[in-house]
Amino acid sequence: MTDTALLIRDVDKFYGPVDYGVHAVKKLNMDVRKGEIIALLGSSGCGKTSTLRMIAGFEAVSRGTISLGGREVQTFAPVRRNVAMAFEGYSLYPPLTVRENIAFALKASKLSQGVVDEKVASIAKLLEIEDILGRYPSSISGGQQQRASLGRALIRDANLHLLDEPMGQLEPQLRAVLRGRIKHYIKERGLTAILVTHDQTEANALADRIAVMEGGVLQQFDTPQKIKERPANLFTGTFVGEPPMNVFEASVTGSEAKVSFGLKDGVRLEYPASDFSHAVRDALVKRQKVVLGIRPYAVRRSADGVAGRVAVNQWLGDQTHIAADFAGGTMVLVEHDRTELAVGQPIGIRLDPSSLHVFDGESGKAISHGVELA
Amino acid sequence: MDTMSPIERALRAVALTLVVVFFMFPIFWIFLMSFQTNETILSIPPSIVFSPTLSNYAALITGKLQTAAGTLDIAFMRNLGNSIFLSVTSVAVALVLGVPAAYAFARHKFKGSEDIAFTLLSFRFAPPLLVLLPLTQYFQWLGLSNTYFGLIWVYQLICLPLILWIVRGYFEDISADVEYAYRIAGHSWFATFRKIALPLAGPGIAAAGLLAFIFAWNNFVFALVLASADKQPVTVGALAFITSSGIQYGQIASAIVLSVTPTLALALYAQRYLVEGLSLGAVKG
C-alpha cells in the first residue's frame with residue numbers, strides 16, 4: 001500500500017442531482033503508484049478534467065472514494081490534500097509578478113528566503129522564463145503565462161502534481177524541449193504526476209501509463225506501447241495513433257483450412273487457418289459481425305493483394321500518405337518513400353494477419369491483435 | 001484614433017465641449033447663485049457680473065436665516081451631518097452584509113440562490129411610496145421611527161441590492177481557478193476570499209459603494225416620513241428654505257453646493273482607485 005500514491009475506487013461524478021444530472025465520470029477505478037507519470041487522454045468533455053478536479057478537491061465526488069497516500073480524501077478541502085496543480089487557464093495572481101507567483105506556492109512550506117530564491121531560479125531556468133520573472137502576468141504572452149503557471153505547480157513538494165493541459169499554449173519546438181526537461185525533473189525528484197491532455201504525442205512522450213477516457217468511461221489504462229499495440233477496444237484503437245487506424249466492418253467465416261473476412265462491395269480477405277492460433281480462430285468464428293482494424297503504416301502494397309484505387313497521394317516531406325478507395329471505404333497507407341502514384345490508379349493492398357486488430361462488431365471490445373487473443 | 005484628420009479632431013472637440021457645457025451649466029449657474037443675494041438672482045435680465053457675497057454660506061453655517069419676516073433657525077449643518085452619518089453607515093453596513101453575500105451568490109449555486117438574489121433585487125422594483133405607509137406603522141410599533149438605527153435599516157433597501165448585484169458580477173468575472181490555485185497552495189477558503197477575491201473585485205466594490213452612497217445621499221421620501229427634524233438629511237432639510245416670506249434661492253444654491261461637496265470629493269478620490277484597479281484586473285484567467 002505504501003507505494004500507492006492515488007487510489008480511485010468506483011468514482012461517479014454527476015453535475016446536477018446524483019443519478020439524474022449529467023453523468024460526467026462513470027464508475028472510475030484507477031491506481032497510481034508513487035513516482036509514476038500518468039496521462040489522462042481524451043477528447044473534450046470525456047471527463048478527464050472532472051477527474052482531475054475531483055482529485056484536487058474542487059469538484060465534489062458524487063459517489064466512490066479517492067485515497068491519497070492511503071488516506072481517503074474525497075471529503076477533504078483542497079488545503080488538506082497536499083496536491084499541486086497547474087491550471088489550463090494559468091490562473092496567475094494578477095497583482096503579483098511572475099517571481100512572486102511562483103514563490104507564492106512555497107509560502108505555506110515556510111522555507112527560508114534563500115532556499116525559495118534558489119528554487120525559483122532553478123525552475124525558471126528549466127522553463128526558460130528567467131527573463132520575465134519581474135514582469136506582471138498581464139504583460140506577458142499566453143505561452144509565458146502557461147510556463148509560469150507550470151512553474152508554480154512544479155516547484156512544490158506535493159504528494160501529487162496535477163497538470164491540466166500543461167503545454168497547450170507553447171510553440172511546438174519549445175514544447176518538445178520542455179517535455180523532456182519536465183519528465184526528467186519529475187523523475188529526478190520522484191514526484192508523482194497526472195497530466196490531462198488531448199495531445200497523444202504529449203501523452204506518449206511524458207507518461208509511464210496512459211488512461212484513455214471517453215464519455216466518462218475509462219477505456220484503457222496501460223503503457224503507451226500496450227495502448228498502441230493492444231488497444232482494448234475500437235475507441236482506443238481509432239483514437240490513439242496518427243493517422244488513425246483504418247477500420248472496416250466484416251463478417252467472418254471459418255473452416256479447417258482458412259479464415260475468411262467478408263467486407264463491403266464483395267471484397268474478401270482470406271487467410272490460411274494456420275495464420276491464427278486456435279483460440280483466435282474459435283473466438284472469431286463465434287461472431288457474426290466484427291470490425292477489422294489496421295494501422296496505416298502496417299498496410300502493404302503488393303501486386304497480388306486486394307484491389308483498391310488511389311484517391312489521394314500526399315508527400316508530407318518525410319512520408320507519403322496514400323488514401324485508397326477500398327471495400328466501400330477508405331484505406332490509408334503510410335510509406336516512407338515518395339511514391340509516384342496517380343489518382344485513380346489501381347493498387348493491390350495486402351493486410352498482414354500479424355498486424356490485424358479484430359474488434360467485436362457489437363461491443364467494440366478487442367478480440368485479437370495479430371495472431372494472439374486480446 | 002491616430003488616423004483622425006485635423007477637421008475630425010476639431011469637430012470632436014466642439015461636440016465634446018457642447019456636451020460638457022450642456023451638462024455642467026446648471027451646476028455652474030448654481031455655483032454662481034450661491035454667492036448672490038436673492039435680489040441679484042431674481043433680477044431680469046440675469047447677469048454673471050455681480051458683487052459676490054458669502055452671506056448665504058454664513059447663514060447656513062451659523063444656522064440663522066435672515067428673512068423679511070425676521071430671523072429663522074435652520075438646522076442645515078446638522079442635516080449635513082445626518083446625511084454624512086446616515087450614508088456612510090448605511091453603505092458600510094451594506095458592504096459588510098452585501099459583499100460576502102455577493103461572493104456566495106457568485107461562487108456557490110445552492111438551492112434557491114437565484115430566488116433569494118432576485119428577491120433582494122425586487123426591493124428596487126416597488127416605488128418607495130408603496131412600502132412607506134406599512135413601514136411607518138411597523139416602525140411605530142417597533143419603536144424604530146425617528147431613530148438612526150431604523151433609518152439605516154430602511155436605507156439597506158437602497159444600498160444592499162445595488163452592492164449585491166454589482167459586486168456579484170465582479171466576483172463572477174474573476175476566474176474561479178485563480179482562487180483554486182490559492183487554495184491548493186495551502187490556504188483556507190476564507191483566506192482566499194480575503195487575499196484573492198476581495199482585492200481583485202476591489203474596483204467593483206468601490207464602484208458599487210460609491211453608487212450606493214450617492215443613492216443613499218439623494219434619498220428623500222424615507223427620511224421625510226420616518227425621521228423628524230433632528231435626524232433628517234440635507235435632502236429633507238432643504239425644504240426649510242421655502243419660507244413663509246419667499247423662497248431663499250441663494251441659500252438653496254449654497255446648500256446644494258455644500259451638499260454636493262462630500263459626494264464629489266468621494267467620487268474624485270474613488271476615481272483614482274477605480275482606474276488603478278481596472279488596469280490591475282485586466283488579466284482574465
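Among contacts in chain A between residues at least 6 apart in sequence, 64% join residues at least 24 apart; two residues are in contact if their C-beta atoms, placed from the backbone, lie within 7 Å. This is a predicted model, in which local features need pLDDT of at least 70 and side-chain atom pairs count only at pLDDT 80 or more, while totals for chains, interfaces and linings use all residues. Residues are numbered from 1 along each chain as its sequence is written, and chains are lettered from A and ligands numbered from 1 in the order in which they are written.

Let us start with chain A as a whole. Its C-alpha trace spans about 75 × 45 × 35 Å along the principal axes. Chain A holds 9 helices and 21 strands; helices (H or I, at least four residues) and strands (E, at least two) are DSSP runs, numbered from the N terminus. Of its 374 residues, 41% count as buried. A residue is buried if 20 or more other C-beta atoms lie within 10 Å of its own, exposed if 12 or fewer, and partly exposed in between, with C-beta atoms placed from the backbone.

Is Ala211(A) buried or exposed? Ala211(A) is buried, because 25 other C-beta atoms lie within 10 Å. Leaving aside residues up to four places away in sequence, Ala211(A) touches Met30(A), Ile38(A), Ala39(A), Leu40(A), Leu41(A), Leu218(A) and Phe221(A). Lys48(A) is 163 residues apart from Ala211(A) along the chain, and their C-alpha atoms are separated by 9.1 Å.

E9(A) runs antiparallel to strand E10 (residues 217-222) of chain A, and 5 bridges join them; two strands pair if DSSP finds at least two bridges between them. Across this pair, Met213(A) stands opposite Leu218(A) in E10(A). The two strands form a hairpin with 2 residues between them, where Gly215(A) takes a positive phi near 55°.

Further along chain A you will find another hairpin. Strand E12 (residues 258-262) and strand E13 (residues 268-272) of chain A pair in the antiparallel sense over 5 bridges. Here Phe261(A) stands opposite Leu269(A) in E13(A). This hairpin has 5 residues between its strands, and Asp265(A) in the turn has a positive phi of about 60°.

Now follow the chain to an open sheet of 4 strands. Its order is E17-E16-E15-E18 (chain A), with antiparallel pairing. Strand E17 (329-335) and strand E18 (346-351) of chain A stand at the edges with a single partner strand each, so one side of each is left without a neighbour in the sheet. From one strand to the next, the twist averages 50°. Inside this sheet, strand E15 (residues 299-315) and strand E16 (residues 320-326) of chain A pair in the antiparallel sense over 6 bridges. Asn313(A) stands opposite Ile322(A) in E16(A).

Next comes the place where chain A meets chain B. The contact takes 20 residues from chain A and 19 residues from chain B. On the chain A side, strand E6 (residues 83-86) gives the most, with 3 residues. By class, that side has 16 nonpolar, 3 polar and 1 charged residues. Ala, Val, Leu, Ile, Met, Phe, Trp, Tyr, Cys and Pro count as nonpolar, Asp, Glu, Lys and Arg as charged, and the others, Gly among them, as polar.

Two packed helices are described by the angle between their axes and the distance between the axes. The axes of helix H4 (residues 76-107) and helix H10 (residues 202-218) of chain B come within 9 Å and cross at roughly 140°, which makes H4(B) oblique to H10(B). Axes are lines fitted to C-alpha atoms, for helices over the stretch in contact, and angles run from 0 to 180 degrees between N-to-C directions. Angles under 35 degrees count as roughly parallel, over 145 as roughly antiparallel, 65 to 115 as roughly perpendicular and the rest as oblique. Among the residues that meet are Ser83(B) and Leu86(B) in H4(B), and Ile205(B) and Gly209(B) in H10(B). The residues of this contact divide into 10 nonpolar, 4 polar and no charged.

H10(B) also meets helix H7 (residues 148-173) of chain B, with axes that come within 9 Å and cross at roughly 160°. That makes H7(B) roughly antiparallel to H10(B).
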